[in-house]
Amino acid sequence: MVTTDTGLTPQASGSDELVMQEDQVDQYITFTIGEEEYGVDIMAVREIKAWTETTHLPNTPEFMRGVLNLRGTIVPIFDLRCRFGMGLTEATKMHVVIIVRVEDRMVGVLVDTVSDIITVGQNQLQQVPKMDRNIDDEYLSGLVTVEGRMVALLDVELLFKPQSIDHGIALGEAAVGDQN
Amino acid sequence: MPQDFNLEQFKVTYFEECHELLASAEEQLTLLQQELGNVDVEVLHAIFRCVHSIKGGAGAFNYTDLIDFTHSFETLLDKLREGEIPISMPLVDVLFEATDILSSLVQRAQDNQESDPEVWKKTKQKLESYLKEGGVKKTSPSDHRDGIADYDLTPEEEEEQGWGLFIDLEEDEPASELPPEPLENFKPTYKIKFVPEPHLLRFANEPLLLARELSSLGKYVAHADLSRLDDLDQINPDEAYLSWIFELETDASKGAIEEVFEFVVDDCELVIEKIGGEAVTNTATTKEAQGVKAQKPEPRTARASRIRKEVELHTPTQPAPPQAAQLPDTAEDRPPVTETLNDGSKSLLKQQAKISSIRVELDRVDRLVNMVGELVISQAMLRQQVENLIPEDSHVMAQGFEDLSAHTRELQESVMAIRMQPVKSVFARIPRMVRELSARLGKKVDLITQGEMTEVDKTVIEQLMDPLTHMIRNSLDHGIETQEERAKSGKPERAAIKLSAEHRSGRIQIEVSDDGKGINRQRIVEKAVQKGLLSSDHDLSDEEIDNLIFAPGFSTADEVSDVSGRGVGMDVVRRNIVSLGGRISVFSTPGEGTRFLMSLPLTLAVLDGMIIRCGQEKYIIPLTSVIESIHPIAEELQPLVNGAMMVSMRGQYIRIVNLYKLFNIKGAVTDAAQGLVVIVETERYGHVGILVDELLGQQQVVIKSLEENYDPIDGVAAATILGNGKVALILDVDGLADMEHGSDRHRTFANLEQQVLLTGEKAHGHD
């Protein structure tokens with residue numbers, strides 16, 4: 001259950017749809033990567049589809065899984081697990097690609113499963129505590145608790161910002177270097 | 001405000017229109033200049049209309065500078081076409097200048113910039129000085145020189161400007177002079193007398209069809225004249241005995257009516273006269289036995305006496321009664337009683353009557369082109385799947401697919417045809433440039449253009465202007481000799497530059513040739529040696545020497561002129577052409593001239609590609625760059641000390657581009673002797689060989705942008721979608737050669753790692 005400052009118990013009708021009385025509410029699609037759960041703004045999501053083989057792009061960072069044909073548009077697919085520094089996803093047909101629109105671009109995000117749609121009021125959002133790990137976390141826009149689970153909300157625009165991608169590349173290369 | 005919004009929309013159309021008008025004005029001016037001695041007044045009319053239309057729109061949007069300038073311009077043009085001012089060469093120059101100024105004023109208005117009055121006022125004064133010289137006092141509002149503030153429009157003029165916005169006005173006639181028509185609901189009536197010659201029917205003409213055609217213009221009453229009809233036993237069925245008088249109520253112009261009879265006009269007696277739009281009584285009549293069914297409004301009272309027979313077929317519903325009182329007494333509401341065809345303010349009606357083309361946003365066309373591309377891909381996918389079906393099911397489907405693919409091919413061609421434009425839009429700008437440059441260089445040059453209606457995709461047209469300009473300049477500056485030189489070598493005084501376009505084997509071929517002195521090979525070689533592009537003991541063929549002019553930074557002009565000779569020209573030309581998927585070559589005969597030949601794809605939306613495999617990946621190499629492919633044997637492969645691999649082919653050493661290495665592809669053939677080397681032509685490195693595993697085939701592919709959703713990738717030009725629905729990358733051979741030859745920045749971390757693994761040492765030149 002989400003606990004809020006107002007102490008209101010949301011009407012959890014079997015699911016975790018929460019309707020807040022005050023302030024603005026946003027809806028998020030949540031998905032999992034391993035044990036972790038993340039959410040993206042539902043307004044950015046264009047489509048959810050099962051993983052299909054992609055075409056590899058040469059000389060791109062490891063988390064860039066290549067491109068696929070989405071009804072005629074060439075869409076790059078990012079492996080979020082790899083992007084978060086947790087290694088490549090062994091993609092199967094059971095894996096899911098979430099197509100999101102970031103500014104003018106369409107990008108796909110490879111995740112393990114899509115779990116839910118949650119409605120979150122502004123006042124339920126918690127700040128992301130500063131992590132001491134050497135990881136780029138600006139793209140986390142907040143944390144929210146849903147049925148006892150923590151969901152980290154992602155800001156896709158920050159996630160795919162060129163600088164943060166460069167940062168990601170640097171991290172990826174560092175990781176490769178470590179392995180050798 | 002909605003009005004504002006609408007106005008903006010109109011502005012977009014207006015400016016589009018302006019650019020076309022300016023281009024057309026310039027074209028006509030060139031024509032004018034060519035036949036200076038024998039000026040066709042139609043040309044002047046055409047220029048006048050262009051300027052006038054621009055003025056009209058400027059008035060509507062209140063671009064005061066534009067109005068002011070166009071007004072002077074127009075007044076001068078008006079005097080010219082009236083013959084009040086003689087046309088002279090300097091005057092034509094001023095007209096050209098004025099067109100330039102007009103063009104910049106339009107541009108500034110479009111960019112919402114203030115124009116600098118100094119610039120255009122000077123030209124305006126020039127225009128006006130001609131007006132004075134012509135001894136003709138300027139008429140009407142032009143008396144306010146600078147003042148647009150007091151540019152008061154008469155209501156008629158405003159009206160005209162509003163309506164005339166995007167229309168070529170035939171006459172600058174104030175609409176108010178036209179007799180106002182009192183009745184809104186009545187259209188002008190024409191009396192059309194149609195007396196076929198007896199032989200009319202033999203040419204497969206059918207009066208009934210004409211009558212039907214007429215009915216599309218408006219309501220009419222037909223009266224058949226049977227007086228020529230013989231007795232039944234005398235009738236020759238091949239002859240036309242009947243004649244008719246039609247009374248037609250229509251908005252259409254006389255021209256539109258004439259068009260109906262266009263094909264029979266030589267075989268009949270045809271009289272079309274206007275009889276006004278007065279109220280008519282309510283009778284319904286139909287014409288005679290041939291059964292032309294037409295809904296007829298009332299016949300008029302005065303009627304040819306020969307009419308013998310009227311059959312009543314329809315009783316039309318009550319026609320609208322006269323409503324004279326309701327009509328505002330403004331001129332534009334009604335077509336005048338007089339002949340309307342050439343009446344400017346009514347050309348709106350005329351245009352509505354025969355619209356043969358529509359203006360469509362390019363975006364929409366592009367979307368259509370994309371969708372058709374999708375269709376082609378989906379079809380290829382389906383087809384591939386059908387091939388896996390059991391035979392008895394598949395052959396029926398295969399038949400269906402044959403039909404489907406025929407249709408899609410046709411659809412694709414038709415859609416591509418929408419974007420096709422004649423190269424005229426590019427060629428039209430050349431004469432002007434030749435004229436100006438030849439004047440500046442003191443050379444007398446005739447430009448001959450051919451095949452300007454040759455069509456090519458709009459995307460290609462847009463890219464064509466720069467290279468073409470460069471080449472023409474080059475010919476003028478370097479190719480054509482000075483007057484004295486020409487006289488010395490016994491050539492005609494006037495040099496010729498020929499510009500031609502034609503379709504050849506699915507591509508467009510553009511040729512620029514001159515009859516100048518040709519390429520000075522000795523100087524080229526000297527220059528190349530001097531610049532270190534060539535060693536002094538070269539053994540290049542003449543043709544190879546000629547092609548050195550395309551080398552970057554190469555210019556042989558003794559002095560850098562402002563025309564050309566900055567040493568970037570031909571290099572840029574070649575790069576532009578190549579980036580369009582085209583190629584360019586030069587042929588030169590010393591003393592006789594130079595010929596540049598460009599060959600370009602008709603469209604940038606599809607290309608013919610060779611599908612190759614490297615490891616598990618499939619790539620497309622554009623067929624235009626492929627020269628040949630070879631299976632080298634081990635003896636032909638020579639490693640260089642810097643790690644590069646060369647293959648010798650017929651005595652020529654060609655550098656191998658290791659695609660697997662550049663793209664970090666696992667499981668690919670790494671030994672050129674085991675794989676296949678595709679020899680491709682690059683812009684900067686000449687021939688290079690791309691090492692691939694095997695060739696999979698050749699296919700036309702739809703080009704998809706990779707950059708739309710991702711960043712550019714070195715060595716990849718674009719992407720496409722194969723029959724299995726998967727994305728395949730189209731290789732950029734120049735980019736690959738760059739990477740292979742190239743600098744460290746092209747090498748990524750991963751590549752270096754792999755090279756260490758493969759060779760045990762970092763390749764030279766990469767550290």
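How many of the 7 residues of S7(A) are buried? Let's find out in the close-ups below. This is a predicted model, in which local features need pLDDT of at least 70, side-chain atom pairs count only at pLDDT 80 or more, and totals for chains, interfaces and linings use all residues. Residues are numbered from 1 along each chain as its sequence is written, while chains are lettered from A and ligands numbered from 1 in the order in which they are written.

**View 1. Strand S7 of chain A is mostly covered.** A residue is called buried if 20 or more other C-beta atoms, placed from the backbone, lie within 10 Å of its own, exposed if 12 or fewer do, and partly exposed in between. Strands (E, at least two residues) and helices (H or I, at least four) are DSSP runs, numbered from the N terminus. Two strands pair if DSSP finds at least two bridges between them. S7(A) runs parallel to S5(A), joined by 3 bridges, and Phe78(A) has Val109(A) of S7(A) as its bridge partner.

View 2. Strand S6 (residues 96-102) pairs with S7(A) in the antiparallel sense, over 7 bridges. Look for Arg101(A), which stands opposite Met106(A) in S7(A).

**View 3. Chain A meets chain B.** Here 20 residues of chain A are in contact with 24 residues of chain B; contact means that the C-beta atoms, placed from the backbone, lie within 7 Å. On the chain A side, strands S4 (64-70), S5 (73-79) and S7 (105-111) each supply at least two residues. S5(A) gives the most, with 4 residues. By class, this side of chain A has 9 nonpolar, 7 polar and 4 charged residues. Ala, Val, Leu, Ile, Met, Phe, Trp, Tyr, Cys and Pro count as nonpolar, Asp, Glu, Lys and Arg as charged, and the others, Gly among them, as polar.

**View 4. Arg149 sits in strand S10 of chain A.** The strand covers residues 149-154. Arg149(A) counts as partly exposed because it has 15 C-beta neighbours inside 10 Å. Its C-alpha atom is separated by 9.1 Å from that of Glu36(A), 113 residues apart along the chain.

**View 5. Chain B holds an open sheet of 5 strands.** The order is S6-S8-S9-S11-S10, with mixed pairing. S6 (445-450) and S10 (583-589) of chain B stand at the edges with a single partner strand each, so one side of each has no neighbour in the sheet. S6(B) pairs with S8(B) (residues 495-504) in the parallel sense over 6 bridges, and Val445(B) stands opposite Ala495(B) in S8(B). Helix H13 (residues 430-441) of chain B packs on the sheet, touching S6 and S8, and its direction makes about 165° with that of S6(B). Such angles run from 0 to 180 degrees between N-to-C directions, and axes are lines fitted to C-alpha atoms, for helices over the stretch in contact.

**View 6. Helices H10 and H11 of chain B pack together.** H10 (residues 362-386) and H11 (residues 391-419) meet at an angle of about 165°, with their axes 10 Å apart. The two helices are therefore roughly antiparallel, a label for angles over 145 degrees. By class, their contact has 15 nonpolar, 5 polar and 2 charged residues.

Key. Contact = placed C-beta atoms within 7 Å. Parallel < 35°, antiparallel > 145°, perpendicular 65-115°, else oblique.
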